[in-house]
Amino acid sequence: MKSRKLSIGTSGWSYKHWSGIFYAKDIKPDKYLEYYISRFDCVELNSSFYNLPRETTVTGWMNRTPDTFRFCLKLSRFITHQMQLVNIELALHKFFDVFEGMKNRLGPVLIQLPPGLSYDKPLICNFLNLLKEHYNQYRFAVEVRNKSWTNDSFFGLLSQFGVSFVIADSGNRYPYFEAVTTDFIYLRFHGREQLYASDYSENDLKSYAEKITAWLNEGKEVWAFFNNDYYCFAVKNADRLKKIIYQFYNPL
């Protein structure tokens, strides 16, 4: 039996190189989402990091998916990478305005910080306060790509504001730290040997299944997304991780 406390999917669905592997060759790209939802109950919208969709597109996604399906938005890189969290009030408003109608169908919103941004307590405090003041109806998870952020001061701030620290597996490319800062866990799998293009082994997945089960048994909610989309590894690994958990463990 499936627990809603556990949500596993991939970082997007509209990959044409999945044709003939995950999607049958006769399935057209405009029907990929319909097939994706037959296998997964959530998706990370990695595309919203690069470009904001039209509101009509967002409405279409909602109409094409069941009420139980969840979307995890990725905050625009204009806010995180170009503006680097400074003078972003209007940009935040524009971003969330596009997804206003999807609010009840959302999981946590992913915030990915750039590798060149070092830990800055006043900066992140201002940002988290801004989110709390204007967007407290959303949940947030922060992924860091600079090692300076893996410190007790930052983890304490995340706990204070109820924001999750993203546990991101990317081999030695980006920082890895298993910090639990709120009541939900957010995991991202980017591939180890080769970024976005490495397959996770059975032992790797079993190891994460054990961790996830422990968090579920502690009453945590877990979101996990595979971003290793090359060669369709993301689908393969996400599907296998779910099966390991439900076959060998009892996450309910």
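Buried, in these notes, is under 20% relative accessible area, exposed is over 50%, and partly exposed is in between (1.4 Å probe, protein chains only). I am working on a predicted model, where local features need pLDDT of at least 70 and side-chain atom pairs count only at pLDDT 80 or more, while totals for chains, interfaces and linings use all residues. Residues are numbered from 1 along each chain as its sequence is written, and side-chain values use heavy atoms, with hydrogens and water left out.

**Entry: salt bridges**

I started with Lys243, which counts as partly exposed at 46% relative accessibility. Its salt-bridge partner is Asp239, with the closest N and O atoms 3.2 Å apart. My cut-off for a salt bridge is a side-chain nitrogen of Lys or Arg within 4 Å of a carboxyl oxygen of Asp or Glu. Asp239 is buried, at a relative accessible area of 15%. Why are Lys243 and Asp239 separated by about one helical turn? They are four residues apart in helix 8 (residues 233–248), so about one turn separates them. Helices (H or I, at least four residues) and strands (E, at least two) are DSSP runs here, numbered from the N terminus.

I then went through other pairs; the structure holds 13 salt bridges. Glu178 and Lys211 meet through their side chains at 3.1 Å, N to O. That pair links distant parts of the chain: Glu178 is in the loop between strand 7 (167–169) and strand 8 (184–189), Lys211 is in helix 7 (residues 202–217), and they are 33 residues apart. Glu178 is partly exposed with a relative accessible area of 35%, and Lys211 is partly exposed with 26%.

Asp204 and Arg192 make another salt bridge, at 2.9 Å from N to O. Here too the pair links distant parts of the chain, 12 residues apart, with Asp204 in helix 7 and Arg192 in the loop between strand 8 and helix 7. Asp204 counts as buried at 17% relative accessibility, whereas Arg192 is partly exposed with a relative accessible area of 32%.

I also noted a network of salt bridges that links Glu44, Glu143, Arg145 and Arg188. Background for this entry: side chains of opposite charge can pair when their charged atoms come close.

**Entry: strand 4 and its partner**

Next I checked which way the side chains of strand 4 (residues 109–112) point: Val109 and Ile111 go one way, Leu110 and Gln112 the other, and all are buried. In a regular strand the side chains alternate between the two faces of the sheet. Strand 4 pairs with strand 5 (residues 140–143) in the parallel sense over four bridges; I call two strands paired if DSSP finds at least two bridges between them. Within this pairing, Leu110 stands opposite Ala141 of strand 5.

I followed the chain from strand 4 through helix 5 (residues 121–134) to strand 5, and this β-α-β crossover is right-handed. By right-handed I mean that, with the strands pointing away from the viewer, the path from the first strand over the helix to the second runs clockwise.

**Entry: Thr10**

Thr10 sits in strand 1 (residues 6–10) and counts as buried at 0% relative accessibility. What does the side chain of Thr10 reach at 2.7 Å? It is the backbone oxygen of Gly12. I also listed its contacts (heavy atoms within 4.5 Å). Leaving aside neighbours within four places in sequence, Thr10 touches Trp18, Tyr36, Val43, Glu44, Phe225, Phe226, Ala234, Val235 and Ala238.

**Entry: cysteines**

How many disulfides does the structure hold? I found zero, taking a disulfide as a pair of cysteine sulfur atoms within 2.5 Å. Cys72 is in no disulfide, and the nearest cysteine sulfur, that of Cys42, is 6.3 Å away. Cys72 counts as buried at 0% relative accessibility. Cys232 is in no disulfide either, and the nearest cysteine sulfur, again that of Cys42, is 16 Å away. Cys232 also counts as buried, at 5% relative accessibility.

**Entry: positive phi**

I kept Cys232 open for its backbone: phi is near 65°, a positive value in a residue other than glycine. Cys232 is found in the loop between strand 9 (221–226) and helix 8. Leu85 has a positive phi too, of about 70°, although it is not a glycine. Leu85 lies in the loop between helix 3 (77–82) and helix 4 (89–98) and is buried, with a relative accessible area of 6%. For context, most residues other than glycine have a negative phi.

Terms used:
Polar contact = N/O pair within 3.5 Å; in protein donor to acceptor, adjacent residues only side chain to side chain.
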